[in-house]
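Let's take a friendly tour of the pockets and aromatic rings in this protein. Have the sequence and the 3D view at hand as you read.

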Amino acid sequence: MTSLRLPTYFVSHGGGPWPYMSGEFRRNFDKLEQSLIEMRAELGDAPKAILMVSAHWEEQGFAVSSGERPGMLYDFYGFPEYLYHVKYGAPGSPELARHVRELLKAGGIDAWLDPARGFDHGTYGIMQPLYPEEDMPVVQLSIHASYDPAVHLKVGRALAPLRDEGVLIIGGGLSYHNLRAFQDGSGREPSRQFDAWLQQTLLRSPPEERAERLLNWERAPLARAAHPREDHLIPLMVAVGAAGSEPGAVTYHQTDFAGGLTASSFRFGAAPRPILSKGDLQ
């Protein structure tokens, strides 16, 4: 237990198993990696466990990973063979998983435990740079396949007590996720405009307006061009729901990702050890 209230985060997790790669593709993630190093510095030793809300785990409801030693899910395609053998060896926490399920149940949300669920790249793409020692317990929470923003905001509110118990809540997704545009170069303007809307919503809108704007995110400029499917946006709703009325801040911002895309990560609430962000947001 800790008397310190932890912030919550929405982290753009990058592409595939990038932390385990080298070469030109890996260089796309240098700024993201630096932001995760800074995130670790501002957290210090405050977190005792991680609850990762993963964009790469969808269920018809909410499932919680409860295995003691989670395996690996190689949920990516077209990468070199060696990447289908990498391991992220952090422990799980059956105790925390049960507690998460109890909090959700108390909030009127059905959930179940999944002892077989392994780490997906939406989790270890964040955790490997953040905790390379692989000693921080990690529990994953699925998103609901309905993608209902209201439901996921409600989930976040139900899980908010974890913040006072040393559990760091991270929504792992991407602020821009249009795979076709990654390939054909058409994502520059949609990513820029949608990111500007996110900045306005998360940093400069009062709490009630912030929630309302997220409920109606499809009204944002070029929303569907930025997120043809909103699986990578929905974890943000949980992070914001758990944050309550606490303000947002940018922890990562890049306007030249993959040759010209805009991407961001956000923190909600105060960092235990504030440091100056080194993103390229002016």
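For the residue classes used below, Ala, Val, Leu, Ile, Met, Phe, Trp, Tyr, Cys and Pro count as nonpolar, Asp, Glu, Lys and Arg as charged, and the others, Gly among them, as polar. Please keep in mind that this is a predicted model.

With those classes, the lining of the largest pocket splits into eleven nonpolar, eleven polar and three charged residues. The volume of the largest pocket is about 700 Å³. Its lining takes in 25 residues, and those closest to the centre are Gly 15, Gly 16, His 177, Leu 179 and Phe 182. Helix α6 (residues 179–184) supplies the largest share of this lining, three residues.

The second largest pocket holds about 220 Å³ of space. Eleven residues line the second largest pocket, with Lys 48, Ala 49, Leu 96, Glu 165 and Val 167 nearest its centre.

| Pocket | Volume | Lining by class | Helix giving the most |
|---|---|---|---|
| Largest pocket | about 700 Å³ | eleven nonpolar, eleven polar, three charged | helix α6 (residues 179–184), three residues |
| Second largest pocket | about 220 Å³ | five nonpolar, three polar, three charged | helix α3 (residues 94–106), three residues |

Now for the aromatic rings. The whole structure contains twelve aromatic pairs. One of them joins Phe 76 and Tyr 84 in a tilted arrangement, 4.8 Å centre to centre with 35° between the planes. Phe 76 counts as buried because its relative accessibility is 4%, and buried means under 20%. Ring pairs also link Phe 76 and Tyr 84 into a cluster with Trp 18, Phe 25, Phe 29, Tyr 74, Phe 79 and Phe 257.

Key: Residues numbered from 1 in each chain as written. Predicted model: local features only at pLDDT ≥ 70, side-chain atom pairs only at ≥ 80, totals over all residues. Heavy atoms only, no water. 1 Å grid on protein atoms, 1.4 Å probe; cavity = no way out; pocket = protein on both sides within 12 Å on 5 of 7 lines; lining within 4 Å. Points joined across faces, edges and corners; volume = space filled by probe spheres on them. Helix = DSSP H or I, 4+ residues; strand = E, 2+ residues; numbered from the N terminus. Phe/Tyr/Trp six-rings, centres within 6.5 Å; stacked < 30°, edge-to-face > 60°. Buried < 20%, exposed > 50% of the residue type's maximum accessible area, 1.4 Å probe, protein only.
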